[in-house]
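Have a look at the model below, try each task yourself, and then compare notes with the solution.

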Amino acid sequence: MENVTLNNGLEMPLVGYGVFRVPDGDDLAEAVKTAIAKGYRSIDTAQVYRNEESVGRGIRAAIDEGLVAREELFITSKVWNDRLSYEETLAAYASSLEKLGLDYLDLYLIHWPGLDTSYIEAYKALEKIYQDGRVRSIGVSNFHVHHLEHLLKETTVIPVINQIEFHPHLTQEEVRNYCKEHRIQVEAWSPLMNGSLLEEALIQQLASKYNKTPAQIVLRYDVQHGVVTIPKTMTPSRMTENLDVFDFALADEEMAQLDAMNDGLRCGPDPEKFNFK
C-alpha cells in the first residue's frame, strides 16, 4: 500500500474501503474485518450511511483478533447536513464515536456544503474538536472552489481532504488544481460510477492490455492523479483486486485518453443544487 502525506503530516493510504449504501448488519461487520485482513487500513463511513455501528464492530473485531492495531488504521466519518450548527456538529461527532465504539477518528468531514454558508459554523466545531486533540484531522466533502475560498477566509485550519465525485467522466480539474495549490488532498468517492465505468470500451481495452480488471484500471487512474480512492465491494476477491493497483502504470497518453472522457457526467448530486435538508 502506498500512502499520501496530508498537510498536517499524517499519512493516509491511497486506496481505502468505502461502505456507502451498505446496510447496517453482520454482513457489513464481517466485510470490514475481511477488508482489514486483506490489507485495507483506511475505512470510510458517514453519519448518514447509518452503518457506523457495524463498521465499528468490524474494526473492533479485527483489533481484538490481532489483525491490526488501532493506530495502524485511518478511520473517517462525516457530519450530515441536518447537523451543521456548531453545537449539533459537536454532538454528531460524539455520536459517531459512540456508534463506532472508538476513542477518536483519524478524519472527520463536513459531508456537503449545502446551499447556504452554515458549513462555516460546522467547520469551526471541527476545528474545536481538532484543537482539543479529539480527532487527528479534519476536512470537507463535495466542496467547489467558491466553498473552499469562503471556508479559508473564515476559518484557520486548512482542510486536509476534499472528498469529491471524481472519475474519467467528471475530472473536476478546477477543484483539483485549487486543492493542490492549497495543499488539500483530493479523495474520490464513487470512483467506479457505481460500476457503470467498467463497461467503457477504452477502460476494457486498457484492462486487456495490462491484464488487469476494468476496476483496477480506473483505480490506477486515480492513484496516478494523486487522488485517494475508496471503492466499495462486499466481495472478498474484489477487495483483493482493488488493492492490487501498484504494480503497473498507465502511459501518459493513456491517462490523457481517460481524461478526455470528461463530460461532466455525475452519478451523484451536484453540490450547487442539492441542499440535503
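**Exercise 1. Find the volume of the second largest pocket, then describe its lining by element and by class.**

Step 1. The second largest pocket of this predicted model has a volume of about 200 Å³. On a 1 Å grid over the protein atoms alone, a pocket is an open set of points with protein on both sides within 12 Å along at least five of seven lines, a cavity is a set where a 1.4 Å probe fits but cannot get out, and lining residues have an atom within 4 Å of a point. Grid points are joined across faces, edges and corners, and the volume is the space filled by probe spheres set on the points.

Step 2. Among the lining residues are Arg 176, Lys 180, Gln 185, His 225 and Val 227. Helix H6 (173-181) and strand E9 each supply at least two residues, and H6 gives the most, with four. Helices (H or I, at least four residues) and strands (E, at least two) are DSSP runs, numbered from the N terminus.

Step 3. By class, this lining has four nonpolar, four polar and three charged residues. Here Ala, Val, Leu, Ile, Met, Phe, Trp, Tyr, Cys and Pro count as nonpolar, Asp, Glu, Lys and Arg as charged, and the others, Gly among them, as polar.

A note on conventions: residues are numbered from 1 along each chain as its sequence is written. As the model is predicted, local features need pLDDT of at least 70 and side-chain atom pairs count only at pLDDT 80 or more, while totals for chains, interfaces and linings use all residues; side-chain values use heavy atoms, with hydrogens and water left out.

**Exercise 2. Which residues lie nearest the centre of the largest pocket, and which element gives the largest share of its lining?**

Step 1. The largest pocket has a volume of about 750 Å³. Of its 34 lining residues, Phe 20, Ser 190, Pro 191, Asn 194 and Lys 232 lie nearest the centre.

Step 2. Helix H8 (214-224) and helix H9 (236-243) are the elements that give two or more residues to this lining. The largest share, three residues, comes from H9.

Step 3. Sorted by class, the lining has 17 nonpolar, twelve polar and five charged residues.

**Exercise 3. Is Lys 78 buried or exposed, and what does its side chain reach?**

Step 1. Lys 78 belongs to strand E5 (residues 74-79). Its relative accessible area is 0%, so Lys 78 is buried (buried means under 20%, exposed over 50%, partly exposed in between, with a 1.4 Å probe and protein chains only).

Step 2. Its side chain makes a polar contact with the side chain of Asp 44 at 2.6 Å and reaches the backbone oxygen of Thr 45 at 2.8 Å. A polar contact is a pair of N or O atoms within 3.5 Å; within protein, one must be able to donate a hydrogen and the other to accept it, and residues adjacent in sequence count only if both atoms are side-chain atoms.
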